[in-house]
Amino acid sequence: MVCEEAALRSKSTNLIRKSLEVFTTNWLQYPLGLLANVIVIRSIGAEGKGVVVLLISIVTILSALGHLGAPAAAVYYLRKNIYTREKLISNFLVLVFVFSLFVSALFLFFGKWFLQLLFQKISVSPRLMWLSLAGIPIIMLFNFINAILLGSGLSKLYIKLVLAKSVIYIATVLLFVVALPLGVTGAMLATILALLIPLAMIFRKLLKDSSESFWQIDPNCISSMLSFGIRQHPSTIGAIFFNYGCNFLLGLFIDIKAVGYYSVAVTVYYGIISIPRS
């Protein structure tokens, strides 16, 4: 009985410690993100920042639509020991590939009309939009790996992933936006590389530590993820539209500069409300 109580106390302490580590890491993103936002808006102006925010909003919403609740499904199947981490990742890659092809085909046929509708008063080149769309598979994989790491109890790897993203983002902003400078294109490159580089590092670590092959394509696994995930999908999509939909409203009914200023202000707001209160 004493041993069981000690084991339970140890598990509770470990859970609290990991939760505090994850919370602290997530909160640290806000001051780093604010610093990066201030650098970007001072370098490319409110209008340039507004364009970047709208492009990021587009690919974030599309990424959320495309994963169809698979991250939530992955956590469920990991905890139930139904599918391994390797099998879930490899089959999610199939979903990412198919959805990325679908979005690319849509933009190929309707891209010009879409750009004219969204960016009515400014010129955004198709090349910049293609660069932004390249972020869709990266964002999908980044969010999925986040879920996998937390679902597997690999909080230390999760912390490294999040901190690396924030630090790399500031470094790439300084390189592509300030030092070179590449303007809006540089800001989008910084955003994409801040996700891609730590993602590649975590993939390398997972591949190195894995005792089985990552490439296990299983239609049943894909079907199970979709079946479970789609039921959870509306709540996820609702939150994404709530957070990013306002950017489109500001851009359409006020102007693109308002989007840029709003993005900086909202970073401060989320940072403040995330501070725990007694």
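**Exercise 1.** Determine whether Y76 counts as buried, partly exposed or exposed, and do likewise for F228.

*Solution.* Step 1: buried means under 20% relative accessible area, exposed over 50%, and partly exposed in between (1.4 Å probe, protein chains only). Step 2: Y76 has 32% relative accessibility and therefore counts as partly exposed. Step 3: F228 has 13% relative accessibility, so F228 counts as buried.

The model is predicted: local features need pLDDT of at least 70, side-chain atom pairs count only at pLDDT 80 or more, and totals for chains, interfaces and linings use all residues. Residues are numbered from 1 along each chain as its sequence is written, and side-chain values use heavy atoms, with hydrogens and water left out.

**Exercise 2.** Classify the aromatic pair of Y76 and F228, and locate its two members in the chain.

*Solution.* Step 1: rings of Phe, Tyr and Trp (its six-membered ring) pair if their centres lie within 6.5 Å; planes under 30 degrees apart count as stacked, over 60 as edge-to-face and the rest as tilted. Step 2: the structure holds 7 aromatic pairs. In one of them, Y76 and F228 lie 4.5 Å apart centre to centre with 15 degrees between the planes, and the pair is stacked. Step 3: the pair links distant parts of the chain, since Y76 belongs to helix 2 (residues 70-79) and F228 to helix 8 (residues 219-253), 152 residues apart. Helices (H or I, at least four residues) and strands (E, at least two) are DSSP runs, numbered from the N terminus.

**Exercise 3.** Which helix gives the most to the lining of the largest pocket?

*Solution.* Step 1: on a 1 Å grid over the protein atoms alone, a pocket is an open set of points where a 1.4 Å probe fits, with protein on both sides within 12 Å along at least five of seven lines; lining residues have an atom within 4 Å of a point. Step 2: of the 46 lining residues, Q29, I56, T60, K165 and Y244 are the closest to the pocket centre. Step 3: helices that each supply at least two lining residues include helix 2, helix 6 (155-179) and helix 8. Helix 1 gives the most, with 15 residues.

**Exercise 4.** How many helices and strands does the protein chain have?

*Solution.* The secondary structure comes to 9 helices and 0 strands. Of the 278 residues of the chain, 47% count as buried.
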